[in-house]
Amino acid sequence: MKYYVELNKKNYEIDVEETNGDMNVRLNGRPIKVDRKSIRGDTHLSYIIDNQHYGVYVRSDSQGVYVNLSHREFPVQVTDELTHRLVKMGIKTHKADRPKTIKASMPGLIVKVLVKEGDTVQENDSLLIIEAMKMENEIRAHQGGQVKKVHITEQQPVEYGADLITLA
Amino acid sequence: MKKVLIANRGEIAVRVIRTCHEMGLSTVAIYSEADRVAYHVRMADEAYCIGPPPTNQSYLNMERIIDVCHESGADAIHPGYGFLSENAEFARLCQKNGITFIGPDPHSIEKMGHKTAGRQTMIDHGVRVVPGSQQAIETDEEALEIARETGFPLLIKAAGGGGGKGMRLVREEADLLRSVAAARREAKSAFNNPQVYIEKFIENPRHVEIQILADRLGNTIHLGERECSIQRRHQKLIEESPSPIVTPEMREEMGQMAIAAAKAVDYVSAGTVEFIVDADLNFYFLEMNTRLQVEHPVTEMVTGLDLVREQIRVAKGQPLSIKQSDFTQNGHSIECRIVAEDPFNDFLPVTGTIDAILPPGGPGVRVDSGVYNGSEVSIYYDPMIAKLIVWAPTRERAIERMIRALKEYRIWGIKTVIPFSLAVLNDPKFRAGHFDTTYVDHFSFDDHPVPVDLGEAAVLIAALQRHHQTNGKSYADDNRVQRDDQISAWRQAGLLR
């Protein structure tokens with residue numbers, strides 16, 4: 001099985017072959033020795049990669065696989081061979097032009113909304129202020145664009161993950 | 001004193017309970033409905049629910065806490081830090097009910113709590129304060145006159161409270177009166193007190209504080225300094241003792257000034273006098289925290305004292321267990337606060353469940369934690385979940401030990417500031433002692449790249465996780481997995497929605 005993996009805009013090709021329970025793994029063609037053991041379910045694992053131990057916590061959602069190791073979270077896109085071939089055939093994924101909705105990264109109270117629908121914002125512009133744990137936190141635009149929808153109003157409490165602002 | 005109620009939660013409640021148990025005192029925990037299974041509740045001998053999660057209905061509910069004392073027979077209260085620890089009214093309420101408040105007397109808390117009055121008291125007792133107005137500013141003319149005398153840049157600060165509310169930085173005279181008016185409005189709404197005063201703004205300052213201990217028999221001593229310049233929005237992240245910039249002469253002078261400040265308000269128990277230090281190592285009194293400080297363990301590590309034990313001794317009317325002449329700093333100690341905030345996303349607080357936590361151990365490592373496997377980090381309380389403290393004979397070795405211990409720490413399920421702490425400890429500027437309170441503002445992870453092999457390991461692991469999800473059972477065994485996988489492939493390719 002071949003996997004096409006992307007991390008921080010860098011692409012990697014990973015080959016996994018299993019013969020009699022042994023895993024043969026190649027990263028960009030380079031053979032790598034891997035041993036994988038689950039500590040708890042599919043989330044807590046112990047990996048020994050080329051004799052180096054990595055204690056990992058992994059979660060995944062529709063956007064990708066999130067690998068936590070050494071106190072860092074690596075958001076990784078994994079594409080299998082079939083999808084990769086379809087994409088290569090020139091079938092454009094519709095992921096790229098989907099509008100980007102900024103979600104609440106914490107639960108809290110909306111103190112101030114600094115933009116309105118139709119506004120044009122630059123990357124890093126302040127969009128709104130959310131109060132959590134008695135601290136005011138500024139939410140900034142991850143990318144430039146036009147404000148397509150403002151989902152919240154001032155003084156509204158929001159839960160973690162709630163839609164805040166959609167940029168087009 | 002037989003039974004102590006700890007009017008707090010989290011790591012500090014756990015820390016106080018530990019000393020109480022070592023001293024043979026039984027302990028009473030209080031908890032909000034959100035904290036039913038919190039660590040401090042499990043540690044204490046008794047536990048009482050005091051109300052719903054919001055702090056003003058639970059940990060700040062004075063009458064309810066006093067009721068629990070009567071109900072449980074607790075004859076003393078340790079307030080920890082935050083919550084009611086610097087509330088003179090609460091200390092007075094304890095007195096009135098015949099309960100020992102393990103801390104200073106109400107009038108000492110009051111005197112230090114009011115900024116301009118505290119400032120005046122300090123000036124009267126020969127403590128050097130940041131140059132500026134001695135009292136609240138009444139008129140525009142007065143503001144202009146004092147501003148010209150003090151010099152720009154300057155700070156306008158609220159007399160009624162802190163935390164950055166009602167504070168304005170003014171760089172030139174043209175902005176002065178507008179800023180005074182704005183600060184007054186902000187102070188009025190935040191503290192219901194529009195009074196403001198002027199202070200010289202010290203560029204790129206360092207924050208150094210002195211630990212004080214005082215008993216009721218007239219002994220007031222200092223236990224040296226803590227360096228607390230690595231902070232963000234007035235919240236400290238890394239502290240150490242001793243400070244790399246403080247010389248023995250400077251320590252002695254700061255210590256004596258801190259003792260004078262404490263004596264000026266008849267201070268007893270443990271307290272902290274904060275100083276602001278400019279680039280030429282001139283230092284000025286900033287404020288006094290009339291309680292146990294979050295970062296008190298670094299002082300404990302270099303002095304060998306237990307500050308909570310000293311607080312309890314003082315509250316019982318006993319003398320301090322150490323004299324000023326016996327004070328020495330042995331080796332070096334560093335503390336990293338383990339805060340549930342995302343350092344890659346502007347230090348925004350994060351909430352959630354701690355899936356798994358495995359603290360570091362080994363020589364010279366101390367962990368003061370308030371959480372365990374499965375603990376919830378909620379929106380209601382402070383996001384600091386633990387403190388990691390190390391001791392070593394030298395600063396260099398303490399830094400190496402802290403890096404080792406931070407790498408050992410496993411916290412899964414929530415993000416913490418640990419990647420930031422590691423980057424700071426590896427930064428040559430920090431290691432050389434060259435930093436001030438603006439350090440975090442200039443910090444960027446771009447200057448601290450991730451080692452390439454870590455990224456490669458992550459990539460491999462992600463691919464293998466996917467591989468195991470789809471091939472964990474053979475294709476023949478589980479067609480459904482394969483079909484789902486195919487559907488998602490087509491969907492991703494945009495052919496199926």
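How are helix 12 of chain B and helix 13 of chain B oriented to each other? They are roughly antiparallel, a label used here for angles over 145 degrees, while under 35 counts as roughly parallel, 65 to 115 as roughly perpendicular and the rest as oblique.

Residues are numbered from 1 along each chain as its sequence is written, chains are lettered from A and ligands numbered from 1 in the order in which they are written, and side-chain values use heavy atoms, with hydrogens and water left out.

Let us begin with confidence. The predictor gives the complex an ipTM of 0.71 and a pTM of 0.82. For chain B the mean pLDDT (the predictor's confidence in each residue, from 0 to 100) is 92, and 94% of the residues of this chain reach 70 or more. Residues 473–486 of chain B stay under 50, and for them the model has nine contacts beyond four places in sequence; contact means heavy atoms within 4.5 Å. Where pLDDT is low, the predicted coordinates should not be read in detail.

Now back to the opening pair. Helices (H or I, at least four residues) and strands (E, at least two) are DSSP runs, numbered from the N terminus. The axes of helix 12 (residues 395–408) and helix 13 (residues 418–426) of chain B come within 10 Å and cross at roughly 155 degrees. Axes are lines fitted to C-alpha atoms, for helices over the stretch in contact, and angles run from 0 to 180 degrees between N-to-C directions. The crossing of helix 12 of chain B with helix 13 of chain B is left-handed, meaning that the near helix is turned anticlockwise from the far one by less than a right angle; clockwise would be right-handed. On the helix 12 side of chain B you will find B:Ile399, B:Met402, B:Ile403, B:Leu406 and B:Lys407, which meet B:Ile418, B:Ser421, B:Leu422, B:Leu425 and B:Asn426 of helix 13 of chain B. By class, the residues of this contact are seven nonpolar, two polar and one charged (Ala, Val, Leu, Ile, Met, Phe, Trp, Tyr, Cys and Pro count as nonpolar, Asp, Glu, Lys and Arg as charged, and the others, Gly among them, as polar). An α-helix has 3.6 residues a turn, so residues three or four places apart point the same way.

Another pair to look at is helix 4 (residues 88–96) and helix 5 (residues 106–113) of chain B, whose axes come within 8 Å and cross at roughly 175 degrees. Helix 4 of chain B and helix 5 of chain B are therefore roughly antiparallel as well. Here B:Ala88, B:Ala91, B:Arg92 and B:Gln95 of helix 4 meet B:Pro106, B:His107, B:Ile109 and B:Glu110 of helix 5, a contact with four nonpolar, two polar and two charged residues.

Helix 7 of chain B packs against helix 8 (residues 176–191) of chain B at about 115 degrees, with the axes 10 Å apart, in a right-handed crossing. The residues that meet are B:Asp140, B:Ala143, B:Leu144 and B:Ala147 from helix 7 and B:Leu176, B:Leu177 and B:Val180 from helix 8. They divide into six nonpolar, no polar and one charged. In the loop between helix 7 (140–150) and strand 6 (154–158) of chain B lies B:Pro153, and the peptide bond from B:Phe152 to B:Pro153 is cis, with omega near -5 degrees. A cis bond also joins B:Ser241 to B:Pro242, with omega near -5 degrees; B:Pro242 sits in the loop between strand 11 (235–241) and helix 9 (248–264) of chain B.

Turning to burial, helix 10 (residues 296–303) of chain B is mostly covered, with seven of its eight residues buried, that is, under 20% relative accessible area, where exposed is over 50% and partly exposed in between (1.4 Å probe, protein chains only). B:Gln311, in helix 11 (residues 307–315) of chain B, is buried at a relative accessible area of 2%. Beyond four places in sequence, its contacts are B:His78, B:Ile102, B:Ser269, B:Ala270 and B:Leu292.

A:Asn51 lies in the loop between strand 6 (44–49) and strand 7 (52–61) of chain A and counts as exposed at 60% relative accessibility.

Notes:
This is a predicted model: local features need pLDDT of at least 70, side-chain atom pairs count only at pLDDT 80 or more; totals for chains, interfaces and linings use all residues.
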